[in-house]
Amino acid sequence: LGKRTIEPLLQLPAMTDPEKLALVAPHHRMNPAATQTNPQLMVLNILKAVNLALNHGNSPVSPYFYVWYGLVMAAQGHYEMAYKVGAVGIRLDLKGDNRSIDAAVHMVYGAFVAFWRTSVAESTDYLRRALRMSLETGSHVYAGYSSAFLTIFRLFKGDSVDDIRAESRDFDAMLTRIGDAV
């Protein structure tokens, strides 16, 4: 972002150039694999996707990359910037119509970004939304991630272990039912 402020990201025009839209699509598809196999590649991938938005407008997957950029900023200790840029991703996602990224956007923000600047309770709200959105859109992998992080964050909050255990059993049954048991 350089010296840019974060709020203007909301005002970027829509990315309309078919060539640029074609460029951002592989970044979106490769990010999960890069995240799990090569963190440096993941960071480069996110930076390239954000740079495309800065230079050519917001694409349908820009909200996804803004929350991931927030994760990168948090990992570097830039918690305020992480929170703000992640919030831009959430706001763009809520006003956009790309339902395929909803669960990922809310899960990443709730699990990795928001809690640095807000309560763990608020983070669990994002994770619950992510879980609901994952089930609505068929993004079952995010149902698993959201369930796991909800369990962990509830422990952090100090919720009753009996309540957490009961909900965990519900999560297990749900994930087994949808065929994505963790």
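Ser160 caps the N-terminal end of helix 8, with a side-chain oxygen 3.2 Å from the backbone nitrogen of Asp162. The model is predicted.

Helix 8 covers residues 161–178. Its 18 residues, at 1.5 Å each, should span 26 Å. The end C-alpha atoms lie 25 Å apart, which agrees. Just after helix 8, Gly179 takes a positive phi of about 80°.

**Two faces**

Which residues of helix 8 are buried? They are Ile164, Glu167, Phe171, Met174 and Leu175. These residues cover an arc of only 95° around the axis, so they sit on the same side of helix 8. An α-helix has 3.6 residues a turn, so residues three or four places apart point the same way. The face turned away from the buried side carries the exposed residues Asp162, Arg169, Asp170 and Arg177.

| Face of helix 8 | Residues |
|---|---|
| Buried | Ile164, Glu167, Phe171, Met174, Leu175 |
| Turned away, exposed | Asp162, Arg169, Asp170, Arg177 |

**Packing partners**

What do the buried residues of helix 8 pack against? Their partners are helix 6 (120–137) and helix 7 (140–157).

Ser147 lies in helix 7. Is Ser147 buried or exposed? Ser147 has a relative accessible area of 3%. Buried means under 20%, so Ser147 counts as buried. Leaving aside neighbours within four places in sequence, Ser147 is in contact with Leu131, Phe171, Met174 and Leu175. Phe171, Met174 and Leu175 are among the buried residues of helix 8.

Notes. Residues are numbered from 1 along each chain as its sequence is written. This is a predicted model: local features need pLDDT of at least 70, side-chain atom pairs count only at pLDDT 80 or more; totals for chains, interfaces and linings use all residues. Side-chain values use heavy atoms; hydrogens and water are left out. Helices (H or I, at least four residues) and strands (E, at least two) are DSSP runs, numbered from the N terminus. The expected span of a helix is 1.5 Å times one less than its number of residues. Buried means under 20% relative accessible area, exposed over 50%, partly exposed in between (1.4 Å probe, protein chains only). The arc is that of the directions from the helix axis to the C-beta atoms. Contact means heavy atoms within 4.5 Å. A polar contact is a pair of N or O atoms within 3.5 Å; within protein, one must be able to donate a hydrogen and the other to accept it, and residues adjacent in sequence count only if both atoms are side-chain atoms.
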